[in-house]
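Me: I have not seen this structure before. Please show me how to read some of its features.

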Amino acid sequence: MVCAAVFAIPALLRSTTGVLPICSSFIRLRQTTLCYCTANGKMKSKRKSDHLERTANDFRHEIISKAKVCGITSESETVKRLRLAVEDKDFTFKAGQWVDFFIPGVAVVGGFSICSSPGLMEQEGVLELAVKCTTHPPAHWVHTQCVLDSEVALRVGGNFFFDPQPADPPANLVLIAGGVGINPLFSILLHVADLHRMRENKGTGYTMGTAKLFYSAKSTRELLFRKQILGLTNAFPGKIACSFHVTQQNSQSSEKLQPYIKEGRICGKDLEKCISKDTLWYVCGPPPMIESISKLLENLGVAQGNVFFEKWW
């Protein structure tokens, strides 16, 4: 994940709940993880092996909460999706944030982006994580030892999130994901859908603009949450849209996906139609993609203050 300074946090990103930087005692733990830290604007990042070191300057909730695995599904051949029931009734998070993931008996603390919506947490007391199979201890545990009713602990953190308040001006979103970098952006997309539903059903809450997802992967098989994403585009026509980009597709994609599929990487021509002064850009993926998209948006004249990154190592 990215490790870089947060240059500025506009009104839409400021948290309304109290959070504290990570305690020094946790920084001293020897831990590594898959994950994430965020940067707004140009990135100057240092490669570090420890998740807690990399995110030491990020905001974190003070409390570590117990959770129990209540669902395990295969999202793809290499990604497992965990559903976690959280015991703490006051547990909250913002769409796009991650959790420190504590596993009994595993010395390494993981860091995984939440891929469900804050609304699901509020309504059912659960959140979801999608974890790719690697040799990294927390991810390896998820794929080899995790079972229903396994007990873990979580702490929410991160500065990369979308949390508009009812009085904030409407904004359009462009979400740009690469590989498993879809996780926090899918959480944001689900939150966008919840905001639309609230306006439609109650006539109250934040007035959401449009949201467009650009999602790149090697093949359609590696496009996580693709059915749910298409479901959102069908449920909110003109409000939520998506474009899937595949870079190493060897077989023909299904008919349902074909209208949304483009071969090749995301490029300037794909993004330039989305540019406006009211658009916020959220980007998450591997470092080469982040650097490429960052330069691309700069060349297109997108205001640096409207672009937010979360990089995965």
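This is a predicted model: local features need pLDDT of at least 70, side-chain atom pairs count only at pLDDT 80 or more; totals for chains, interfaces and linings use all residues.

Me: Which residues of helix H6 are buried?

Reply: H6 spans residues 226–235, and its buried residues are Ile-229, Leu-230, Leu-232 and Thr-233. They lie on the same side of H6 because they cover an arc of only 155 degrees around the axis.

Me: What do the buried residues of H6 pack against?

Reply: Their partners are helix H5 (182–202), strand E11 (211–217) and strand E12 (240–246).

Me: Now a loop. Where is Glu-75 found?

Reply: Glu-75 sits in the loop between strand E4 (65–74) and strand E5 (79–86).

Me: Is Glu-75 buried or exposed?

Reply: A residue counts as buried under 20% relative accessible area. Glu-75 has 17%, so Glu-75 is buried.

Me: Which residues does Glu-75 touch, leaving out those up to four places away in sequence?

Reply: Glu-75 touches Lys-80, Arg-81, Leu-224, Phe-225 and Gln-228. With Arg-81 there is also a polar contact between the two side chains, at 3.2 Å.

Me: How many helices and strands are there in the protein?

Reply: The protein has 8 helices and 15 strands. Of its 313 residues, 54% are buried. Among contacts with a separation of 6 or more, 76% join residues 24 or more positions apart. The accessible surface comes to about 14,400 Å², and carbon and sulfur atoms hold 51% of that surface.

Methods:
Residues are numbered from 1 along each chain as its sequence is written. Side-chain values use heavy atoms; hydrogens and water are left out. Helices (H or I, at least four residues) and strands (E, at least two) are DSSP runs, numbered from the N terminus. Buried means under 20% relative accessible area, exposed over 50%, partly exposed in between (1.4 Å probe, protein chains only). A polar contact is a pair of N or O atoms within 3.5 Å; within protein, one must be able to donate a hydrogen and the other to accept it, and residues adjacent in sequence count only if both atoms are side-chain atoms. Contact means heavy atoms within 4.5 Å. Accessible areas come from the Shrake-Rupley method with a 1.4 Å probe; for residues, only the protein chains shown count as cover. The arc is that of the directions from the helix axis to the C-beta atoms.
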